[in-house]
Amino acid sequence: MDCPRCEVELVQLEGEGTAMSRCPECAGLWIDLAELNRLLLRHNLPGLDSLGGRANVDESSGLCPECQVDLMTVEGGERRSMVYETCEVCGGIFLDSDTESEEVPELIASIVDFYRRFGQTKAAKGA
């Protein structure tokens with residue numbers, strides 16, 4: 001599979017019961033929707049479909065490494081400042097990584113923190 005941003009081969013990472021791929025150039029992460037939902041639920045967060053966000057149909061996001069269809073950009077968080085890309089066909093998710101680490105536990109912590117912050121605005125509005 002190639003990175004939707006850099007078009008270089010993604011490196012498969014596995015550990016802690018989670019599989020994901022990482023781009024050696026941009027450090028972006030590709031994770032399957034089912035894997036992401038399991039990860040979120042294990043960390044007491046709602047599944048992705050409950051976290052909100054809005055599609056930005058004007059943003060070009062590259063091609064899905066699995067399906068080779070255009071990815072959709074989803075924005076959320078305060079002032080829609082947080083962004084991830086998703087495939088409407090396979091449900092895969094592409095995230096920018098904010099960690100240099102290639103250790104799966106640290107990458108998982110980064111993903112969980114991202115979605116915890118991504119969903120905070122929706123939770124704050126409901127309070």
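Author: What follows starts with the chain as a whole, goes on to the helix, and ends with the cysteines.

This is a predicted model, in which local features need pLDDT of at least 70 and side-chain atom pairs count only at pLDDT 80 or more, while totals for chains, interfaces and linings use all residues. Residues are numbered from 1 along each chain as its sequence is written, and side-chain values use heavy atoms, with hydrogens and water left out.

The pLDDT is the predictor's confidence in each residue, from 0 to 100. Its mean over the chain is 87, and 93% of the residues reach 70 or more.

Along the sequence they follow the pattern β-β-β-α-β-β-β-β-α. Of the 127 residues, 43% count as buried, meaning under 20% relative accessible area, with exposed over 50% and partly exposed in between (1.4 Å probe, protein chains only).

Now the helix itself. Helix α1 covers residues 33-42, and its buried residues are Glu-35, Leu-36, Leu-39 and Leu-40. They lie on the same side of α1, because they cover an arc of only 130° around the axis, the arc being that of the directions from the helix axis to the C-beta atoms. An α-helix has 3.6 residues a turn, so residues three or four places apart point the same way.

The N-terminal end of α1 is capped by Asp-32, with a side-chain oxygen 2.9 Å from the backbone nitrogen of Ala-34. Such a polar contact is a pair of N or O atoms within 3.5 Å; within protein, one must be able to donate a hydrogen and the other to accept it, and residues adjacent in sequence count only if both atoms are side-chain atoms. Just after α1, Asn-44 has a positive phi of about 60°.

The structure holds zero disulfides, a disulfide being a pair of cysteine sulfur atoms within 2.5 Å. For Cys-23, the nearest cysteine sulfur is that of Cys-3, 3.6 Å away. Cys-23 counts as buried, at 2% relative accessibility. For Cys-67, the nearest cysteine sulfur is that of Cys-90, 3.7 Å away. Cys-67 counts as partly exposed, at 28% relative accessibility.

Technical notes
Helix = DSSP H or I, 4+ residues; strand = E, 2+ residues; numbered from the N terminus.
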